[in-house]
Amino acid sequence: MNQTLVTLDDLSVGYGGQTVLSGISFSIARGGFTALLGANGTGKSTLLKTILGLQPPIAGRLHLHPNAGGNRPVFGYVPQATQFDPLYLLSGFDVALMGTFGRVRAGSRVPREEKEFAAHCLRATGAEDFARRRFAELSGGQKQRVLIARALASRPDVLVLDEPTAGVDHAATHAVMEFISQVRRDLNIAVLLVTHDFAVVRRHADHVVWLTPGAVLQGTADELMNARKMAEILEMETD
Amino acid sequence: METLFHILAPDFLLRNSVYASLLVGIACPLVGVYLVLRRLVFMGVALPQVSSTGIAIALSLPMWLGLNVSAEQGEGHALPFAGSILFTVAAILLLAFMERRGRGVPEGRLGVSYVVCAALSVLILAKNPHGEMGLLDLLKGEVITISNADLAMTAGALGAVLVAILLFHKELLLVSFDRALAVTLGKRVTFWDVLLYLLIGVTVSMAVLSVGPLIAFGLLLIPALTAHLFASNMRQFMALSVVIGAASSFFGFWLSYTCDLPVGPTDVVLLGAVYAAGWIAARFLK
């Protein structure tokens, strides 16, 4: 049995006291790949922000279990690449290096070994060739590789990806997702993926949480993504 | 050239004003980088005006309380600095809090703050017999004399701002660039935000007190925007902003002294010319 890192127990999430989503219960275990599906407006991003600690839950419990080091689990967050302001004059390396800041004391310089580790993560994600270029000028796929490298540089227990392949072509999507699966196996970390891409979920996820208006469905990709079930769910979303 | 040597001479009457201008020319662009990056440029317009109102109120307070303040006592910067920093920091924290809540029109709030504070400063000074003794000149951007004690206070405050920004650049940049990442890495985001706002508040207060609100705004905004045209990384961005700010402050002072013009408007026009030249040069270089 893999170690449980995060448990959501009858959790309700929302903004300013307004509940967007309620009654959510599932666990994220080391080595697992959980996909979070749902139409726009069903509360995927709100749930993700709550799990990451960016906003408090409205009700229920979010339990973060200690990792192997006895600390709260580290989240390696990969946001959507389009959200960053191009005014910042940061290279791909600068962005990836930020992943190490959690281990560097405030006011201290980033040690050389952390810089080398960030460079190693960029190499691992295939971002080494364009790491010295301006982050804002990279393509969508290149930015995603840098952001995944940044998340890995944080030495995460849980890799959290918010639609990492949005705006990325099919070939790049395939390469990015294969890499993420490989990293999950190699480093034995958990993956929590928010996506609209059914093909990606079918191929990689071992647990699916599907947010529909009025119900949170859970199961394996095979259980939820067969033709009959999908027709039912899509009908619920249309209604 | 002769004027240049005259300004640099140790016995130059306004030498402290030159030093203060240089200090402001270094500190304002540095915090201005963060205002530009966080797209808070309009805050750079409103805050110097809020600061001026704080100064005007602080200078009028003894009169309102019926205390007898002589001209000599009124020349010190401690009371105006307290008023300036109190108003500026309160305003920046309030405006930032309202922005975080995401309601209303942020530009509207900044516009209202600017225009109300500008009007309030004039009204308060109109009823203050000491208002003519320096503060109106300061608000108009005229050269004013700065005592050694005031220069030391300016140097101490702005020096502390420079050290804090350079020391915590990593944290301030992380929180500005990607708040969500900072939270997931366990950083105390609110603490770093408040620190940045305090640094901006102290810098604006000292700048307004030393050189006036017009040039404070000019130095917060224009060097950073000009440097952004040419810099290719954050280090260059900050260094170039500081160089442009310091050089414009010094040569603006020299120009105003030579041509007998008010320092504030001269500096700002010079900065504007540097920005225009930089914009054209950047077009040719690309």
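Contact here means heavy atoms within 4.5 Å. The model discussed in this report is predicted.

**Surroundings of A:Gln142**

A:Gln142 lies in helix 4 of chain A, which spans residues 140–153. Leaving aside residues up to four places away in sequence, A:Gln142 touches A:Phe130 and A:Arg133. The side chain of A:Gln142 also reaches back to the backbone nitrogen of A:Ser139, at 2.9 Å.

**A hairpin in chain A**

Strand 8 (residues 207–212) and strand 9 (residues 215–219) of chain A are paired in the antiparallel sense, with five bridges between them. Within this pairing, A:Val208 stands opposite A:Gly219 of strand 9. The two strands form a hairpin with two residues between them. In the turn, A:Gly214 has a positive phi of about 100°. In a regular strand, side chains alternate between the two faces of the sheet.

**Cysteines**

| Residue | Relative accessible area | Class |
|---|---|---|
| B:Cys28 | 0% | buried |
| B:Cys259 | 44% | partly exposed |

B:Cys28 is thus buried, whereas B:Cys259 falls in the partly exposed class.

Note on methods. Residues are numbered from 1 along each chain as its sequence is written. Chains are lettered from A and ligands numbered from 1 in the order in which they are written. This is a predicted model: local features need pLDDT of at least 70, side-chain atom pairs count only at pLDDT 80 or more; totals for chains, interfaces and linings use all residues. Side-chain values use heavy atoms; hydrogens and water are left out. Helices (H or I, at least four residues) and strands (E, at least two) are DSSP runs, numbered from the N terminus. A polar contact is a pair of N or O atoms within 3.5 Å; within protein, one must be able to donate a hydrogen and the other to accept it, and residues adjacent in sequence count only if both atoms are side-chain atoms. Two strands pair if DSSP finds at least two bridges between them. Buried means under 20% relative accessible area, exposed over 50%, partly exposed in between (1.4 Å probe, protein chains only).
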